[in-house]
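Please open the model in your viewer and keep the selection tool at hand. The tour goes from one selection to the next and says what is found at each stop.

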Amino acid sequence: MPLRRSRQVPPGPVWGEALLLVALGAIPGALLRWFLQSDPFANLLGCLLIGLVQGLQPARPRLLLVVAIGLCGALTTFSGWILALANALAEGRTLVVALLLLESGAGVLVVAAGARLARLWQRR
């Protein structure tokens, strides 16, 4: 049985508000992605932002919808990353494969750093 991600958004006005918040975050995320022209930088910036949002306590659901789902969803390029990885593997470019895997590991570290920064900021 495949795992499914729960949206946990009830129907009605709350659902419409959530949809609007995601869209409001996606617009600048897409524009920033186009402006940056760099998959690794866009992905790592998205990781930092999502870590910052996740690290904010108490949780802020509207901020999560705008920044984590909308902005970071439009900014980061998982499908582009997978395509680059598949092409590099097919062409036997081991250095490119290693760099892409390093980027993935760096993304995990940057998410953790963003969450830590958010917690430190809240203590001030």
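Begin by selecting A74, whose place is in helix α3; helices here are DSSP runs of H or I with at least four residues, strands are runs of E with at least two, and both are numbered from the N terminus. This is a predicted model, in which local features need pLDDT of at least 70 and side-chain atom pairs count only at pLDDT 80 or more, while totals for chains, interfaces and linings use all residues. Residues are numbered from 1 along each chain as its sequence is written, and side-chain values use heavy atoms, with hydrogens and water left out.

Stay with A74, and ask how it is classed by accessibility. A residue is called buried under 20% relative accessible area, exposed over 50% and partly exposed in between, with a 1.4 Å probe and protein chains only. A74 counts as partly exposed because its relative accessibility is 24%.

Colour the buried residues of α3, which are L65, V67, A68, G70, L71, C72 and L75.

Step back to the whole chain, which holds five helices and zero strands, so that from the N terminus on its elements run α-α-α-α-α. Of its 124 residues, 26% are buried.

An α-helix has 3.6 residues a turn, so residues three or four places apart point the same way.

Now select Q37, in the loop between α1 (13-36) and α2. Q37 is exposed, with a relative accessible area of 61%, and its phi is near 55 degrees, a positive value in a residue other than glycine.

Then show the sulfur atoms of C47 and C72. A disulfide is a pair of cysteine sulfur atoms within 2.5 Å, and by this rule the count comes to zero. The sulfur of C47 is 8.2 Å from the closest cysteine sulfur, in C72, which is too far for a bond. Both cysteines are buried, C47 with a relative accessible area of 19% and C72 with 3%.

A pocket is an open set of points on a 1 Å grid over the protein atoms alone, where a 1.4 Å probe fits, with protein on both sides within 12 Å along at least five of seven lines, and lining residues have an atom within 4 Å of a point. The largest pocket has a volume of about 390 Å³, a volume being the space filled by probe spheres set on the points. Of the 15 residues that line it, the closest to its centre are N43, C47, T76, F78 and S104. Helix α2 gives the most to this lining, with five residues.
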